[in-house]
Amino acid sequence: MSTASLRLDEIAITHGGHPLIDVSASVAPGEILTLMGPSGVGKSTLLAHIAGFLPVGFRASGRVLLGETDLGLLPPERRRLGLLFQDPLLFPHLDVGGNLAFGMPPGGSRRQRRDEVNMALDDIGLAGFAERDPGTLSGGQRARVALMRVLLAQPHAMLLDEPFSKLDTALRDEMRRLVFERIRRDGLPTLMVTHDRADAETAGGPIIEL
Amino acid sequence: MPYFVTGIRVVPVITLALLILPVLLGLAGVVAPAFGWHPALGGEAWTLVHWQALGNTTGLDDMIRLSLFTGLASALATFGIVALCLATFLETRAFGTIRRLLSPLLAVPHAAAAIGLAFLLTPSGLASRLVSPWLSGWSHPPDYLFPGDEAGLALTLGLTLKEIPFLLLMSLAALPQCRAGERLMMARSLGYGRINGFLKGVMPALYPLIRLPLYAIIVFATANIEVAMILGPSTPPPLAVAVVRWLGDPDLTMRFQAAAGALLQIGVTAGALLIWWLGERLVSRLGAGWLRDGHRRRGERLGRGLGTLMTWLAIGVLVAALAGLILWSLAGYWPFPDAWPAPLTLHAWQQATMGIGGPLSNTVTIGLAATGIALVLTLGCLEAETHRRRPLSAGAQLILYLPLLVPQVAFLQGLVQWQAQVGLNAGWPAVTLGHALFVLPYTFLSLAESYRRQDPRWRQVAATLGASPASVFLRIRLPMLAAPILVAGAVGFAVSIGQYLPTLLLGAGRLTTLTTEAVNLASGGDRRLTAVYALYQLALPALGFALATTLPRLWWRHRRQMLSGDAA
């Protein structure tokens, strides 16, 4: 798996001339760096910038490096960053299997791809769910499918944008454990934005207060 | 695939060029002949004789007066009724019903609505039959001239009825933008009645948003052909109808006069817009004090009464007109004053099957092709906005509505003059492109909101999963927006079916569609056959809308969120 670390090299984001964020950091493979701070401070804007979606009206300077690659030179679809939002955002026009297959790199026969989808579903305790409508899943099931969809795309780093804030308490612990375990297992450098101090504590990595 | 992004960014440029060029070329093509220059017709010297001939036309004053009066009166009546309807019913339970009744009426082609109205109000029509002889005492059809009255009242009525659904739907789209619900709630909690609250609290913000559609209504109403041919007076007719007659005159020199007439029509339409604009100034000047006078319930009951009456009357007349068409199409012998045709017969329908094949297939193929072109360009423009990360500029948006803001008869005629000059073939491709010109603004209007409002995170998720821009467009955006795209297609198809003048002029009169046939039949005497054609003309858009609403339901029957609207 990935062994490159994710580096934010003097990233500065401004909005209409006002400085918002100024940050330098390095995240090792398997490490989870937590960004905390009040809303409106621009945490999600930072993640959007790293993923390549800086909203209109914002300007950013500095470099985002994954290993030796300058991500700023690549379009979003070639940055290989796994992005998890607080909503699972499963494509409503595809079934569960279709959502997972959307994340998988192309190649392989139809059958191989189907087998891979089924194995992935088995892996998150949702065996036999391939043909289900995502609209019929529970909140926890959707969150797991969303995570698996991201992992199947074989990302080189993860960006988590308050990924657990919409889950209820019991589910939240379970999802935290699942997500963090996968991140460590795959050795993915991870940036997490959150309001919830428990998220940061469970992640066990460094914390930056913005 | 960078080709996709490069390619898609060119689409707005192509689209705007496709919209501007025909209009400009058309206008140029009408200016030169108006001043005598048209070598193909033997005009090789600049002259003003055609303007003199136009000036000497008997009844020219009446033609201009008719165009101005019917255009402005119908626009004013439409605006008044829609404003009162919204003020009376907004945020009430009845509003949902009104909306469901009026929305499909938008798809009724102008010609079909006008024919239905004519059959309803004519001396031997359904309306006079219903009150005869028990109330009116008529045992023979009474002797009044309506429709076709000299003042143009029938024409005004027809235009008003047909424009009400259009303006209402435009307003409904604009209401959320000006936060009408909150404004109304605020006004009412301050003690304002429903009517006063709406007119003082919502209308000042709503009006600027529906100004462009209103201008389009004025342009259409001052220069329309088919409604005026069916409901308007004939000697003299409104100016635009006269211009079309001159164009069709066997004497080719009349073409020069038609060109001059087309320029005059532009002047008349511009004059109507100017009068309306001055009216706007006046109202905003006079209304400023009224907005602040603090009266909360003045005229409340009158307003509500009028709003209720007008709304239901408009719906009632439209529905009765359409129901009347069905009766006429099934009527055999139907003596006055019977309100119901005694033996119902399918004779007219059988008679129609003989000649309807050609017009029907022309209508459908032109409609599908024009809608296809318009949809591709609309989607391209909207997707380009995503990649340019800003919406089309205000100027570009105005250009999208350009074909609706210039009188059809003016620039279409210019295009025909070019056809003659350059020797281009009139026929199916020219007509289809002509239709696409008028379909495009509607597909864009219909689709833009849902396309722009789609949550950007859907495409962000897809992109981070490695999907290229082309793949995001084809695999995420198009399927997720399938329902609004189909509705936009149905709107476009309905607009194409309703087109009369582009078919007539660009097809050189040789290409017949349901609409041209229905308008031709309407001037003849066979009401039964006319009714059948009008009903066919009406059934096609209805079928389009039925498909557009049921297909996604079938398609996504196992996709709960696609049906609940979460995708848009």
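pLDDT is the predictor's confidence in each residue, from 0 to 100. This is a predicted model, in which local features need pLDDT of at least 70 and side-chain atom pairs count only at pLDDT 80 or more, while totals for chains, interfaces and linings use all residues. Residues are numbered from 1 along each chain as its sequence is written, with chains lettered from A and ligands numbered from 1 in the order in which they are written.

**View 1. Confidence in chain B.** The model scores ipTM 0.90 and pTM 0.91. Chain B has a mean pLDDT of 91, with 99% of its residues at 70 or more. Within chain B, helix α3 (residues 60-89) has the highest confidence, at 96, and α26(B) the lowest, at a mean of 83. Helices (DSSP runs of H or I, at least four residues) and strands (DSSP runs of E, at least two) are numbered from the N terminus.

**View 2. Helix α12 of chain B.** This helix covers residues 254-291, and its 38 residues should span 56 Å at 1.5 Å a residue, which agrees with the 53 Å between its end C-alpha atoms. The expected span is 1.5 Å times one less than the number of residues. A kink of about 25 degrees in α12(B) is centred on R285(B); the bend at a residue is the angle between axes fitted to the seven residues ending there and the seven starting there.

**View 3. The contact between chains A and B.** Chain B contributes 23 residues and chain A 21 residues, where contact requires C-beta atoms, placed from the backbone, to lie within 7 Å. On the side of chain B that touches chain A, the elements giving two or more residues are α20 (456-464), α21 (469-480) and α26 (560-564) of chain B. Of these, α20(B) gives the most, with six residues.

**View 4. The five-stranded open sheet of chain A.** The strand order is β6-β7-β8-β3-β9, with parallel pairing; two strands pair if DSSP finds at least two bridges between them. β6 (81-84) and β9 (207-209) of chain A each have a single partner strand, so one side of each is left without a neighbour in the sheet. β3 (residues 32-36) and β8 (residues 190-194) of chain A pair over five bridges, and L35(A) has V193(A) as its bridge partner in β8(A).

**View 5. Antiparallel pairs around β4 of chain A.** β1 (residues 6-15) and β4 (residues 58-66) of chain A pair in the antiparallel sense over eight bridges, with L8(A) opposite V64(A). β4(A) also pairs in the antiparallel sense with β5 (residues 69-70) of chain A, over two bridges. Two residues lie between the strands of this hairpin, in which G67(A) takes a positive phi near 65 degrees.

Conventions:
Two residues are in contact if their C-beta atoms, placed from the backbone, lie within 7 Å.
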